[in-house]
Amino acid sequence: MGIKENIQSIEARKEAAAREFAPEQEALLVAVTKTRTPEEINEAIRAGVTDIGENKVQEIMAKYDQIDPVRWHLIGHLQTNKVKYIIDKVDLIHSVDSLKLAAEIDRRAAQHGKVMDILIQVNTANEESKSGVSSGEAEELFLGILENCPNIRVCGIMCMAPVAEDPEDVRPFFHEARELYDKFSQVKHERAAFRWLSMGMSHDFEAALKEGANLIRVGSAIFGERDYGNI
Ligand SMILES: *Cc1c(COP(=O)(O)O)cnc(C)c1O
């Protein structure tokens with residue numbers, strides 16, 4: 001199947017799984033384009049993709065001028081010294097996991113006269129190999145950002161589950177992220193605009209949607225297996 005057919009099939013599966021969570025639930029597909037060429041990415045955009053996700057600052061820089069109009073998401077770990085390169089390019093940063101990083105995003109956003117939309121990355125499985133704060137640390141980070149970063153709007157939570165043979169097994173980790181999302185959604189603050197619960201990838205997006213994800217990040221199910229030798 002080609003890129004277009006893959007997207008259509010994911011859209012159909014996405015809608016069915018989202019409705020298992022709630023009848024009116026809708027979810028946004030972010031096409032994860034790391035290692036993909038501008039030609040492949042523009043093909044996906046022509047097939048209806050409105051949002052793309054990259055996990056490396058260098059790749060955003062390299063491709064930015066060659067990509068048709070689209071919303072850009074930074075989904076990977078972000079080093080503070082690289083914030084300046086993407087602050088004017090991305091629409092949503094999914095991977096904020098420290099006040100130090102938030103402070104740098106805030107400073108650079110101010111320089112560009114913009115308010116940056118971010119998600120707090122939560123590592124609900126406490127995996128050593130993954131970025132993100134623990135569920136217990138998330139509230140302190142959330143409130144710290146509201147208090148200290150006037151140029152940041154906190155728009156939700158991002159979570160990655162461990163790799164599991166049966167994606168149903170990781171639903172508890174998605175569920176925990178959902179509970180944080182619901183709890184933080186109650187906070188009344190002009191820069192708390194909870195809208196996105198970003199969870200679910202190619203192999204587990206249906207499990208994530210059943211736990212209430214409203215944004216999924218899907219790469220290989222759209223474009224095929226990644227070949228890191230290309231980059
Ligand atoms: C690569 C990546 C994805 C997509 O992974 P696939 O398995 O190709 O769908 C999603 N989220 C993050 C943070 C990623 O780095």
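A residue is called buried when its relative accessible area is under 20%, exposed when that area is over 50%, and partly exposed in between, as judged with a 1.4 Å probe on protein chains only. By this criterion, buried residues make up 52% of the 231 residues in the chain. The model is predicted, with local features needing a pLDDT of at least 70 and side-chain atom pairs counting only at pLDDT 80 or more, while totals for chains, interfaces and linings use all residues. Residues are numbered from 1 along each chain as its sequence is written, and side-chain values use heavy atoms, leaving out hydrogens and water.

The chain contains 9 helices and 8 strands; these are DSSP runs numbered from the N terminus, with helices (H or I) of at least four residues and strands (E) of at least two. The radius of gyration is 17 Å, close to the 17 Å given by the globule rule for 231 residues, so the chain is as compact as a globular protein of that length. Here the radius is taken over C-alpha atoms, and the rule is 2.2 Å times the number of residues to the power 0.38. Along the principal axes, the C-alpha atoms fill a box of roughly 50 × 40 × 35 Å. Of the contacts in the chain with a separation of 6 or more, 61% are accounted for by residues 24 or more positions apart, a contact being heavy atoms within 4.5 Å.

Helix 6 packs against two other helices. Axes are lines fitted to C-alpha atoms, for helices over the stretch in contact, and angles run from 0 to 180 degrees between N-to-C directions. Helix 5 (residues 99-111) and helix 6 have axes 10 Å apart at an angle of about 30°. The two are therefore roughly parallel to each other, a term for angles under 35 degrees, whereas over 145 is roughly antiparallel, 65 to 115 roughly perpendicular and the rest oblique. Their crossing is right-handed, meaning that the near helix is turned clockwise from the far one by less than a right angle. Leu-99, Ala-102 and Asp-106 of helix 5 make the contact with Leu-141, Gly-144, Ile-145 and Asn-148 of helix 6. These residues divide into 4 nonpolar, 2 polar and 1 charged, where Ala, Val, Leu, Ile, Met, Phe, Trp, Tyr, Cys and Pro count as nonpolar, Asp, Glu, Lys and Arg as charged, and the others, Gly among them, as polar.

The axes of helix 6 (residues 135-148) and helix 7 (residues 171-185) come within 11 Å and cross at roughly 25°. This pair is therefore roughly parallel as well, and the crossing is right-handed. Ser-135, Ala-138, Glu-139 and Phe-142 in helix 6 meet Glu-176, Leu-180, Lys-183 and Phe-184 in helix 7. By class, this contact has 4 nonpolar, 1 polar and 3 charged residues.

Thr-35, although not a glycine, has a positive phi of about 70°. Thr-35 lies in the loop between strand 1 (28-32) and helix 2 (38-46), and counts as buried at 5% relative accessibility. Thr-35 and Arg-226 are 191 residues apart in sequence but 6.7 Å apart in space, C-alpha to C-alpha. Asn-126, also not a glycine, has a positive phi near 50°. Asn-126 is found in the loop between strand 5 (116-122) and helix 6, and counts as exposed at 54% relative accessibility.
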